Amino acid sequence: MQENKNKEAEKPGFGQIMLSTLAAAIGVQSNKNRERDFQSGSIMHYLVAGIIFTALFVLILAWIVKGVLSNMG
């Protein structure tokens with residue numbers, strides 16, 4: 001019973017999942033956080049976070065390029 005409570009306490013929250021996704025995207029994930037993610041995280045949470053991050057990244061890049069091109073003439 002105590003082991004289940006410890007696992008529940010170690011599950012990463014929304015903010016930790018987002019930070020892990022960002023850290024993984026730029027390649028600076030710590031070993032401790034990587035182990036936490038693989039041991040107690042749900043694959044679906046990380047897949048959704050990765051898809052959201054990728055979509056936002058592409059949209060932001062498109063917005064920047066559009067802004068630069070419109071300022072050039």
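Residues are numbered from 1 along each chain as its sequence is written, and side-chain values use heavy atoms, with hydrogens and water left out. Because the model is predicted, local features need pLDDT of at least 70 and side-chain atom pairs count only at pLDDT 80 or more, while totals for chains, interfaces and linings use all residues.

View A. Let's start with helix 2, residues 14-26; helices here are DSSP runs (H or I, at least four residues), numbered from the N terminus. Its 13 residues should span 18 Å at 1.5 Å a residue, and its end C-alpha atoms are 19 Å apart, which agrees; the expected span is 1.5 Å times one less than the number of residues. Ile17, Ser20, Thr21 and Ala23 are the buried residues of this helix (buried means under 20% relative accessible area, exposed over 50%, partly exposed in between, with a 1.4 Å probe and protein chains only). They cover an arc of only 165° around the axis, so they sit on the same side of helix 2; the arc is taken from the directions from the helix axis to the C-beta atoms. These buried residues pack against helix 3 and helix 4. Phe14, Leu19 and Ile26 are exposed on the other side of helix 2. Just after the helix comes Gly27, with a positive phi of about 80°.

**View B. The two sides of helix 3.** In helix 3, Arg36, Asp37 and Ser40 are buried. Seen down the axis, the buried residues fall within an arc of 105°, so they line one face of the helix. Turn to the face away from this buried side and you will find the exposed residues Phe38 and Gln39.

View C. Asp37 belongs to helix 3 (residues 31-40) and counts as buried at 10% relative accessibility. Beyond its neighbours within four places in sequence, Asp37 is in contact with Pro12, Ser20, Gln29 and Tyr46 (contact means heavy atoms within 4.5 Å). The structure holds one salt bridge, that is, a side-chain nitrogen of Lys or Arg within 4 Å of a carboxyl oxygen of Asp or Glu. Arg36 forms it with Asp37, and the closest N and O atoms are 3.0 Å apart. Arg36 is buried too, with a relative accessible area of 19%.

View D. Phe53 and Phe57 both lie in helix 4 (residues 43-71), four residues apart, or about one turn of the helix. Phe53 is partly exposed at 28% relative accessible area, and Phe57 is partly exposed at 44%.
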